[in-house]
Amino acid sequence: MIIQPSFFTRWVSLSPRILISLLLVPVAAGLLGLILPAFGWLPALGENTINLRGFAAFFHTPGWTNMLGLSFFTSFISTLFAVILSILILGNYFNSRLLGHIQRILGPILVIPHAAAAIAIGFLIAPSGLIMRLFSPWLSGAELPPDVLLPNDPYGLSIILGLTLKELPFILLMALAAMQQNEIKQLINRQYKMALSLGYYPFTAFCKAVLPSLYPFMRLPIYAILAYSSASIEIPLILGPNSPPTLAVAVMQWFNDVDLSLRIKASAGALIQIALTLSVLLTWRLLEQCVKRFGFSTFTNGRRQYGDLCWKILTHTTTFLVLFFIVLALLGLVLWSFAGFWPFPNAYPDQLVSLHWNSALQQLPQTITNTVLVGITATAIALFFTLFALEAEQQHQTQLGSAASLMVYLPLLVPNVAFLFGIVWVKELLGVKAVFSAVVLGHLLFVMPYMFLSLAISYRKLDLRYAKVAASLGCSPFKVFYAVKLPQLLPPMLFSCALGLAVSFGQYLPTLLLGGGRINTLTTEAVAIASGASRRLSAVYVIIQILLPVVGFILAWLIPKLIFRPRQ
Amino acid sequence: MRVMENKPSYLIFMWILLLFCPLISAQGALKTLKTLKTLEPLKAPLLIDTQAIDTKASVTQTQFTQLVQQARGQSVYFYAWGGDPQVNRYLQWVAQRVNTLYAINMQHVKLAQTSDAVSRVLAEASAGNTTAGQVDLLWINGLNFATMAQNNLLEAQWLGLLPNFALTNPDQNPAVTMDFGMPTNGMEAPWGKAALTFYYDSAHTSSPPKTLPALLRWSKLNPGRFTYAKPPDFLGLSFLKYALIILSQQQEPAILAQLYEPPTAQSQALVLAPLWQFLDQLHPYLWRKGQYFLSNGASIRRLVDDSELTLGFTFSGGDIPGAVERFELPLSIKSYAMKDGSLSNVHFVTIPFNAQHKAAAKVVANFLMSPEAQAKKQQPSNWGDRTVLDLSMLSPEQQLMFHPSKRHPSALPANNSSPSLSEPHPSWNAVITTQWEKRYGAKQ
């Protein structure tokens, strides 16, 4: 395609670079703002020498090995569980209608912010939680809640539960999205049918013939999840132990400590966090290699089944349990948000009141406006650059190189405790006062990757013949983009905007740090309330936190239906 | 289609808005400067004319009038812990009032912990930001105050400018100028008084412990029904300090006196040993057998509501009836003060050295000490935080505002007398925290 250089085409070919630098520059600046203090350079405290004091202080922290171990194993094991569960569900329900149902149920779970999910799970599994109440006193005999160590157990089991439940929908939906791409769909369907016709049992056929082709498309999401969960804050903060906590939580607490000299130790800890995340990723890579190496003979040994019936039953049970758990968690939230007095063994509150909703709604309008305003601005900017970057791909008929795609993923792969504190430091150093735009920029770092990934699939799938016809009829590239491509892309664009909004709504650390507490969003308020005494108010906040992104997705689903309604 | 057409124009609008924000605030600053210039010549003669005996008061009054003028139209970012809906609601009311009275736009920035704001001010200081800090007003006391004062992060000598400060009768009430034994030197304004108050669920125990030794006996009889939050949590530390003072009282007077001096290696070993002995006995009978401690003392109330705990404690005793009213604690809750003493302290508001809106922050601090705001705060249904004002300094009508309506069944009985235990020197906090962490912190 020969393209006349115009303002539009020049802008388009520039935009991938702008997009990458919007992501790369803050992360790099943030890392720099971390490395200097980590090696002892913090002029504010009169520290002007390069030394290893921070690391020495870190290795003198009581229980630092436990911290590292906890971060490593909770993230690794929860991801492993989530991947195994996804494979079970995908394999056993492959090509069945159930898969669509599960996708529809789990989709909304994906948009529940981590803080909200953690609070909901905490309500459920505590000794006085809904599960215990359902079985008390008739089964457990408990008139008072038992004194057991859940949640916040020292082994991180509650963290693993929380992370697994949050990761499962993500991996599953990413795999399903890959499976719906035309060429992959055809390939795996062919192979699956072939395997079945050769007498393989369905689940074995899936594992041997489909999974090897599918896994490469799941790899990047899995890595993102490993990286995220090894450094996540909200779930370990709410469900995890505190003596010691996970590394990321400890680092955050040191950064916020009154004792300002802890900053140096915190920076060193954040660098160690990066090393830890890398080692989790490398261990996973090693696991992949082992499976590939030792599993190869199993894949090709021709055995037609491995207790497929057992796997099927196992899948049915776990899927049911997961769904039951989620439904119960949501139900618990709703009950708490309306609960009057609710003494222990009762599974239902003594009375339902709207007091908590009233008092929350009085305080909320400003918060919701902030949340939505930041979300919409970040999403709009992200959409703008994402569309042009993808258009550039099409005009130049190249896909982003692997290095460039990795950079899009960068903010998701680098632990955010690591670079966000650095950004705050740099921001202070430059004397930037802007609060709103700083928060928007911070959100952009996380909104943009998700929107790019979700939109890229549809953009690359776009049937280019329409565009070619339009171009051959003399349309300018701008007009082709604007009048032919965008209308075709409306549904995925709206979906990706809803996703971007959901990601923005859920951001805790970027809002808190870059906004300096001046911009309260639902998530920062929810975490602040969760630190207080009122479980009922906390439940109200969590429900609103869940509803807001859901509204976004409903709009994304509704608008195309209204616009493209067949004319009477 | 329509959606896309609107986006660029929306974006342009946003960017224009962003560009204009600094301009708008710059205009505000200009206006303040102008007011300042016009005011000074006007007010100067007044200063000379006043009678000697009233000079101090009227100087204060004049300077305060100037402050009010400057503050008009300013925003105040009030950084305060946001974990309690009752306190948040009270601050919303304050925001409305200062807006009506002084045209000040007060924003409550809700903190999960006060140290977040302290580290923010430090970060600003280290980046050379000395005039445009984000924190205008900060709710603070104890260690956070000590840290900020030591690092010269606070605005100096402004308390004398506030007319309502005289109502606390500072000459007779040294508590309002001492923060955990450290003189405040006019760097913070007293806001409220708190004392450690215990509460229990009378449905599960009829004889709550009234002294520290009784607490140990009670815990052995009711294992797993009491806990405290791990230091450096404010409430957890308060419990430890209560125990420490009571245990030291049982020894020579010289040992107790050590608590009010900065700790030395010697005094640490001497004073803390009985505390660790006591805790070693108590911990096996605590909630979760003392293997897990809450990070946040406020969560104790939630656990009492869940019946996981039977006995809890708080620093704002007035909070308990309010919580029952909101269904957050059962009707069977009763409050009481320990017979052997209640740890008491005053909490303050302060202004960082680099606050951007100092004038308005001072006016808000003055309003917080006004009879109106203090009386409202003391009502159990609003917050129940005790006033710092000396009621004898007020007019009879003003005094009337402080008299409680009917006592709530869950509130502290009026006749419940308990000796007031004053806070140890603030440096003990860090010592207790580190030593506690070493003994009970990082174990599996």
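Two residues are in contact if their C-beta atoms, placed from the backbone, lie within 7 Å. The structure on screen is a predicted model.

**Stop 1: chain A as a whole**

Select chain A. Of its contacts with a separation of 6 or more, 79% join residues 24 or more positions apart. Chain A contains 22 helices and zero strands. Orient the C-alpha trace of chain A along its principal axes, and the trace spans about 75 × 65 × 55 Å. For 568 residues, a compact globule would have a radius of gyration near 24 Å, and the 25 Å of chain A therefore agrees with that. Colour chain A by burial: 49% of the 568 residues are buried.

**Stop 2: the two domains of chain A**

Colour residues 7–39 and 356–568 of chain A as domain 1, and residues 73–245 and 295–353 as domain 2. Between the C-alpha centres of these two domains of chain A the distance is 26 Å. At their boundary, 31 residues of domain 1 of chain A are in contact with 26 residues of domain 2 of chain A.

Now show the domain 1 side of this boundary. The elements that give two or more residues to it are α14 (355–396), α15 (402–413), α16 (416–430), α17 (436–461), α19 (477–506), α21 (522–530) and α22 (535–563) of chain A. Select α22(A) in particular, which gives the most to this side, with 12 residues. By class, the side of domain 1 of chain A that touches domain 2 of chain A has 22 nonpolar, six polar and three charged residues.

**Stop 3: from chain A to chain B**

Show both chains and select the residues where they touch. The contact involves 58 residues of chain A and 62 residues of chain B. On the chain B side, the elements that give two or more residues are α1 (2–49), β1 (75–81), α3 (85–102), β2 (105–111), α4, α5, α10 (299–305) and α15 (427–441) of chain B. Of these, α4(B) has the largest share, 10 residues. Coloured by class, the side of chain B that touches chain A shows 25 nonpolar, 20 polar and 17 charged residues.

**Stop 4: α4 and α5 of chain B**

Display side chains for B:Ser115, B:Val118 and B:Val121 of α4(B), and for B:Asn144, B:Thr147 and B:Met148 of α5(B), which make the contact. These residues divide into three nonpolar, three polar and no charged.

**Stop 5: the two domains of chain B**

Colour chain B by its domain assignment: domain 1 covers 59–193 and 347–402, and domain 2 covers 197–344 and 412–441. The C-alpha centres of domain 1 of chain B and domain 2 of chain B are 28 Å apart. Where they touch, 14 residues of domain 1 of chain B are in contact with 15 residues of domain 2 of chain B. The domain 1 side of that boundary in chain B has six nonpolar, six polar and two charged residues.

**Stop 6: helix α12 of chain B**

Finish at residues 358–368 of chain B, helix α12, where 11 of the 11 residues are buried, so the helix is largely enclosed by the rest of the structure.

Definitions and conventions: Residues numbered from 1 in each chain as written. Chains lettered and ligands numbered in written order. Predicted model: local features only at pLDDT ≥ 70, side-chain atom pairs only at ≥ 80, totals over all residues. Domains from an automatic or database assignment. Nonpolar A, V, L, I, M, F, W, Y, C, P; charged D, E, K, R; others polar. Helix = DSSP H or I, 4+ residues; strand = E, 2+ residues; numbered from the N terminus. Rg over C-alpha atoms; globule rule 2.2 N^0.38 Å. Buried ≥ 20, exposed ≤ 12 C-beta atoms within 10 Å, placed from the backbone.
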